[in-house]
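Keep the sequence and the 3D view side by side as you read.

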Amino acid sequence: MISVVNLLAALLVSTLTVQAVPFERRQSINPLSTPQISAFTPLSHFAAAAYCQPNVTRSWTCGADCQANADFIPVAAGGDGASVQFWYVGFSPFLNSVIVAHQGTDTTKIEAIATDVNAFQESLDSNLFPGIDSSVEVHSGFANEQAKTATQVLSAAKSALSTHGATSVTVVGHSLGAAIALLDSVYLPLHLPGVSFTTVTYGMPRVGNQAFANYVDSHLKLTHVNNKKDPIPIVPGRFLGYHHPSGEVHITATGLWESCPGQDNTNSLCTVGDVPNIFESTPSDHHGPYNGINMSC
């Protein structure tokens, strides 16, 4: 019998690493099957659990989302939920993968951060991201947030990989946590050779420029899931030079999970087409539900 893990892996390989091509040449948009949607459930719980002040010094009982992945083995956690988003690292025997998760924030705060025109794009810090071309630029606010915990997360991931004999890392996050997770997914492979990475984010804002989106498409296995008319995935605007990488899955008003090939697909079944501007958005869609799971504690 095909496992949930294998279904998710097959989905990522077959539909979520599509390179950007002109819209008229893009593949057709197809809904995910029920088993494919279900494969995201443990990862959705891991992303939601980051809101619940994970603490490795006590039992892993930070909320229902932690209990949903009851076999999870925490390794490290940090953040204060205010100036530094909560984060945690551990090992999932069920997925046979190290998990790295980052907390998001509320809609009003993330929208303010993402649309702040004073937060210019900047090249990635060469100390954290050695070898990345300077043409690859990201939102300075998101870069600053990722830098606050980068070395701690890397150290915890190394420990988890070594302790559990793992060879894969799965990075998850929602909202601001999704932006940090995407930057971690670029950062960590530069320091952890020989490890495979998968990234699944929810309600992710645009993080960088065209060169960044192209780099992600070429180097990462990314899925970014957007719920209905969530405004956060359409900010910062493309007119400011921001571009989403490929790998979108858009949950439509009818509840279908549509796989949207290419970068910023403008089809009405995808977020950019369905939410042309923030005035036609529904902020309450930001936290879900994602197949019944809300991104909150």
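Is Asp 264 buried or exposed? Asp 264 is buried, at a relative accessible area of 7%. Buried means under 20% relative accessible area, exposed means over 50%, and partly exposed is in between, using a 1.4 Å probe and protein chains only.

A word on the source. This is a predicted model, in which local features need pLDDT of at least 70, side-chain atom pairs count only at pLDDT 80 or more, and totals for chains, interfaces and linings use all residues. Residues are numbered from 1 along each chain as its sequence is written, and side-chain values use heavy atoms, with hydrogens and water left out.

Back to Asp 264. Its phi is near 50°, a positive value in a residue other than glycine. Asp 264 sits in the loop between strand 11 (257–260) and helix 9. Helices (H or I, at least four residues) and strands (E, at least two) are DSSP runs, numbered from the N terminus.

Now look at the segment after helix 9 (271–274), where Pro 289 is found. A cis peptide bond joins Gly 288 to Pro 289, with omega at about 10°. Asn 291 also lies in the segment after helix 9. Phi of Asn 291 is near 55°, again positive in a residue other than glycine. Asn 291 is partly exposed, with a relative accessible area of 41%.

Finally, turn to the loop between strand 9 (222–227) and strand 10 (248–251). Pro 236 has its place there. Val 235 and Pro 236 are joined by a cis peptide bond, and its omega is about -10°.
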